[in-house]
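Me: I've got a new structure open and could use a hand finding my way around. Can we go through it together?

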Amino acid sequence: MAAKAEPIGPRNGHELAPLNTRADGSERPHGVTIVLQGSRNSLQRDAPEEDRAAWSGKLQFFLSIIGYSVGLGNIWRFPYLCQQNGGGAFLIPFFIMLILEGIPLFLIEMAIGQKMRLGSLGVWNTIHPWLGGIGIASCVVTLFVALYYNVIITWVFFYLFNSIRLSADQLPWAHCPQDNGTAEAECTKASATVYYWYREALDASPSIEEPGAPRWWIVLYLLLAWIIVFFIVMKGIQSSGKVVYFTSLFPYVVLTIFFVRGITLPGSADGIIHMYKPKLHKLLDPTVWLDAATQVFYSFGLAFGSLIAFGSYNTPNNNCVRDVLLVSVCNALTAIYASVVIFSILGFKAYTMVEKCITKEIKVLAMHHIGGFMLNSTQEYYEEQYPNLPNNVTSALNLTGCAMSKQLDEAAEGTGLAFIVFTQAILKLTPAPFWSIIFFLMLLSLGLGSQIGIMEGMLCTIFDIDFFKRFSKPVITGFVCTICFFVGLIFTTGAGEYWLKMFDSFAGTIGLVVIALLEMIAVIYIYGHEKFSNDIYEMTGYRPGLYWQITWRYVGPFIVSCILLSSLIFMLLNPPTYGAWNAAEGRVEKTPYPSWVLGIAVAMILAGVLPIPVVLLLRRFQCLALDVDIHQGSIRRIETTVSTKEMMSDQDSSDSEQTPRTTDRFEDSSSSDEEILNAKYSTGTGIRLAMKPINYNPNTFKMDVVD
């Protein structure tokens, strides 16, 4: 049974608390409480002041979490999954997985960060030194994701600036090039929007093995993207916290504008009905439930370390349970709302495509004098007579039937939905440049909101490492952004989209799921579910009940394990492929990755997982020492580990009454800081501890056993 943490009252600033017993003789959990204030040259005797960055207000925190968790996946992934997995029926497994998997793991990350007020690395080191690799693994995976996520922002910038036109005809993807050459022929075989994406925006190469030189225009936009990200996150939440008011709220403004316009367009109702019409038989397909669980996992941005970092900036008495529930509901409703908006516009696009198709087929039937069709035949007449036409006639004339369902079934997701399908739909709206500009501004704000959270999770972990504490935040942030820019140049070549697809498929999948599973095990089974529940009770006044205990201890780990196993099995049974652009055919062809690219993919997976066992083994065999950080102005409780338990186990309960106060020698305000720092503390058991600076850092110290 985990004991409730004892509140720590004001002390003199330098004190080693009783180790095993309280003053009344009752049992105390094995642990050491260390209180330190001030710097080496200005140690304070008054109450400690918190030095960790904090949110300026509740709204800033809430918008930061919303901006991070509500990302591009809500726009271009969730609608596709709904369409492919049973329409409205997909909402059933989605909400079930949200309740059983997403919300419990979300609370674990938020609450543990708020309790310990540390980044990902510090949290797992504090729970147990052997678990420090989880924080490093999380940082590595986050780095991989940050590399390619900013490339998506780069493409959004390209389309955004090319949307600044006066009319729809002037939009560069509105027409095929008129050169009477190969470019026009290639565009005719595909479409204007498809050609513009692969030829003008990306200048795609035939395969990943023929990347070519970096495309200068993408390099410039990538540089712009990283410069903007740097200025947003260079001072942590002090700088990024101001930007979230735009990145979090603006997408809802744009979605509402599109919604109001979309529902007034012809065909919008057909698009919405097509998407949400329940297909209950799909619920018998296990892959539907797996897709729902996977979507919930990634939509929250779990295991990146970002939620832990955001939680650590909260005050200790913040109601994190309420925050988690509010953000979860907001995330789910945003995905549903965005799906309605997207498919209302796609319904209108399908309507215009059907009209164009019917006009073309009426002309063909009239020219062949079939079925009484004439050039002025109406759409109603076509819909009435077409089912009566013989199959051999329709096949001979290459007639398709021009049905709305066929148009809406042409599903697209990801970049295909944003840069091809939706840009084609925008051409039908008036004025098209306006709708294009606000659409890509919405994607930009969503992308930046998520990128801010990703970078914050990674940088918070880096700032927890002693070596980097000697540098300022802007310096570290600038160095990381510079490295990411140069590594990201691989995405600016003709094979850039192929590399992005590979990173998306491997870098942020297996590693994140493994980290999430170990996070649940670490908090619930190593830190202790009862102790964690007590922590939440102390912070919020709410004690987690049966629902939380069952999902934390059993259901959540089971679902995450299923995601991990199914992902591994899927990778083994289905050799990964990418969509290579075939210029001669004007279409995308599925192409298997070369073996050397798969080798890089495996290396990325291992880089995101191996730090966990490596750190465990190094610390198990004492090859890697763990220094306990004591930050300026903070009160931190360091729980007993294998390295301290033996030292403390000899403490007898009666010693607490006989142990002299170690702070008596410092009661006199005339004691110098050097005397305090170099003093040797007696624990009352014959063991003396010395406090020494770490790496010559005047604000960070460790306790060493002297004898």
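Predicted model: local features only at pLDDT ≥ 70, side-chain atom pairs only at ≥ 80, totals over all residues.

Me: What pLDDT does the chain average?
Reply: It averages 81, and 80% of the residues score at least 70. pLDDT is the predictor's confidence in each residue, from 0 to 100.

Me: Where does pLDDT stay under 50?
Reply: Residues 1-50 are one such stretch, and the model has 137 contacts for them beyond four places in sequence. Residues 627-687 are also below 50, with 145 contacts in the model beyond near neighbours in sequence. Contact here means heavy atoms within 4.5 Å.

Me: New topic. How many disulfides does the structure hold?
Reply: Two. A disulfide is a covalent bond between the sulfur atoms of two cysteines; the cut-off used here is a pair of cysteine sulfur atoms within 2.5 Å. Counting bonded cysteines along the chain, the pattern is 1-2, 3-4.

Me: Which cysteine does Cys176 pair with?
Reply: Cys187, with the sulfur atoms 1.9 Å apart. The pair links distant parts of the chain, 11 residues apart: Cys176 is in the loop between helix H6 (132-162) and helix H7 (182-189), while Cys187 is in helix H7. Helices are DSSP runs (H or I, at least four residues), numbered from the N terminus, and strands are E runs of at least two.

Me: Is Cys187 buried or exposed?
Reply: Cys187 counts as buried because its relative accessibility is 1%. Cys176 is partly exposed, since its relative accessible area is 21%. Buried means under 20% relative accessible area, exposed over 50%, and partly exposed in between (1.4 Å probe, protein chains only).

Me: And what about Cys357 and Cys402?
Reply: They form a disulfide too, with sulfur atoms 1.9 Å apart. The torsion about their S-S bond is about -70°, so this disulfide is left-handed. Cys357 sits in helix H14 (residues 320-367) and Cys402 in the loop between helix H16 (391-396) and helix H17 (404-409), 45 residues apart. Both Cys357 and Cys402 are buried.

Me: OK, helices. Where does H4 bend?
Reply: At Leu98, by about 45°. The bend at a residue is the angle between axes fitted to the seven residues ending there and the seven starting there. H4 is mostly covered, with 20 of its 26 residues buried. Arg117 follows H4 and has a positive phi, near 55°.

Me: What about the kink in H10?
Reply: That one is about 40° and centred on Val243. The 26 residues of H10 (residues 237-262) should span 38 Å, and the end C-alpha atoms are 36 Å apart, which agrees. The expected span is 1.5 Å times one less than the number of residues.

Me: Last one: what does Ser299 touch?
Reply: Ser69 and Asn331, not counting residues up to four places away in sequence. Ser299 lies in helix H12 (residues 286-299), and it counts as buried because its relative accessibility is 10%. Its side chain also reaches the backbone oxygen of Val296 at 3.1 Å.

How values were computed: Residues numbered from 1 in each chain as written. Heavy atoms only, no water. Polar contact = N/O pair within 3.5 Å; in protein donor to acceptor, adjacent residues only side chain to side chain.
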